[in-house]
Amino acid sequence: MSVLGENILEATMSLDSSPGSRGSQHLFDDGQMVQLFNEPGPYYSSYPSLSEWREGGTDQDYRAALREFLQENSDAPLFLYLHIPYCAKLCWYCFCNIHISNNRERIQAFVNTLNLELENLERFFDQIGMRPNFREVHLGGGTPSHLDHAQLKSVIERVRSIVDVEQLAEFAMEIDPRTVDHADMEYYASLGVNRISFGVQDFDPSVQGKINRVQPFEMVENLLDTKTRSLFAGVNFDLLFGLPGQTPETFRRTVELTNSLAPERVAMIRYAHVPDVRKHIRMIDASELPAPELMPGMFEDGARGLMHEGGYQWVGIDHFAKPQDALAKASLEGQVGRNFGGSSTGRAEYTIGVGPTTTHAFGPHYFQSVYDLKQYRARVEANEFPIFKSFTLDLMNVARRDCMFSLQCRRELVFSEIESRYGIDFRATFGPTLERLKRYQDMGMIEIDQDGIRVTDDGRYFIRLYCREFDDYLENPLAYKIHGP
Ligand SMILES: C[S@@+](CC[C@H](N)C(=O)[O-])C[C@H]1O[C@@H](n2cnc3c(N)ncnc32)[C@H](O)[C@@H]1O
Ligand code: SF4
């Protein structure tokens, strides 16, 4: 481990096991810090962010890029993401590309197409004579638990034709707690699912009413009884801060209730109010949203509550994991990875998506599949991968991404690692970037020395801002457009 790595380990451990350097004082009592936390801009789960990817990527481009990547990296650890876009009921806050339907025939037609895409993928692997090394599978959406047992079984059987499910490090599934019971959970476990994720969002009954997602605490508590917990290696909760009707007090209570159920992982995400992107979000009364100035404090309180009262370790930008969980262990070992879902254990570095809207990331390539379900079906039935967008990074931009992901996942950037990987002199190449980062050094958020950059405890709240300084594509009003490094 690097010297910086050891420092980071020490810092992480002290941060996670003590009340923290500021005691009861809050970072976001300071107005300048509030402003910085609230600055708009990407979270860099990919680089460049999705909006920069170009329309026009094709099935042939995808096949050629994936073939070349797998032939050069036959052991590359892969993450298989499957997207099931259907839900039983609309949550007004939801920005995902979903369809509300309880029509079993319609959902069955989709499942048939998804299974056909999995078959097409199997045929592609046969053609290139490879069985890739899938390490993790994630069933996401939408709501995978909205499939009935037979539909889910058929999908997992098709997955099994390309993945050795018993050898996976992780097989996760997103679940809507309102629509499942104990028998369903047992069934999921019997199919090989070993981690589950609940979209909890908030436990306050009044907030739940305002987002059209009523799922009482007792419902979630009852589902997670000892027997059900024993079926899975881990449970994840998604929490959202910034929802209508939330106050710092109600959100602290949601975090306390989360601590009482002790899921192995928590993702604490800022609510994005985007009525222009999803019309149904207009159902939310914008006047009931908490003031933007309150948001950083809500996140800080939540992070402190999870760490100091719940015993969680903070991983990456917005994930928290119990020390015995694989994600926390990966964090201590400097192995955390970044994918579209956020922080990962780093055991599956490259993503292949199946289903509409999915994103794919391997080597220097990004691809995205179509959103529209009719188009999705037509392309898959024509034996095409339903790609419509792509982006391929040049080597310097792969290096920039490496810098960003290192800061996010390890809270450090070791210059010599980047120099040896890309054959560059870090200071000569990124001189102007380092110059701009001094601003954050002066504020005590990062430390820069001759070996690298280290993010301080307070600096963890702003990691995406340091990443932005490495971004070569971003155009924004703050004149951050970087033409050279
Ligand atoms: C697509 S949902 C799938 C989870 C599952 N369907 C459920 O609701 O239980 C995944 C997560 O996206 C997050 N999400 C949805 N809308 C969001 C928004 N407007 N801003 C931020 N995160 C959002 C929520 O935390 C949600 O749990
Ligand atoms: S939050 Fe989950 S259940 Fe609600 S609409 Fe979005 S994907 Fe569906």
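Around the ligand stand Cys87, Leu90, Cys91, Cys94, Cys96 and Ile98, together with Gly141, Gly142, Thr143, Asp176 and Gly199, a residue being near a molecule if its C-beta atom, placed from the backbone, lies within 6 Å of it.

Residues are numbered from 1 along each chain as its sequence is written, while chains are lettered from A and ligands numbered from 1 in the order in which they are written. In this predicted model, local features need pLDDT of at least 70 and side-chain atom pairs count only at pLDDT 80 or more, whereas totals for chains, interfaces and linings use all residues.

The domain assignment, automatic or taken from a database, gives domain 1 as 3-43 + 394-468 and domain 2 as 53-359. Their contact takes 21 residues from domain 1 and 20 residues from domain 2, two residues being in contact if their C-beta atoms, placed from the backbone, lie within 7 Å. On the side of domain 1 that touches domain 2, the residues divide into 11 nonpolar, 6 polar and 4 charged. The C-alpha centres of the two domains lie 27 Å apart.

As for pLDDT, the predictor's confidence in each residue from 0 to 100, the protein averages 91, and 93% of the residues score at least 70. Over residues 1-21, however, the pLDDT is below 50.

Technical notes: Nonpolar A, V, L, I, M, F, W, Y, C, P; charged D, E, K, R; others polar.
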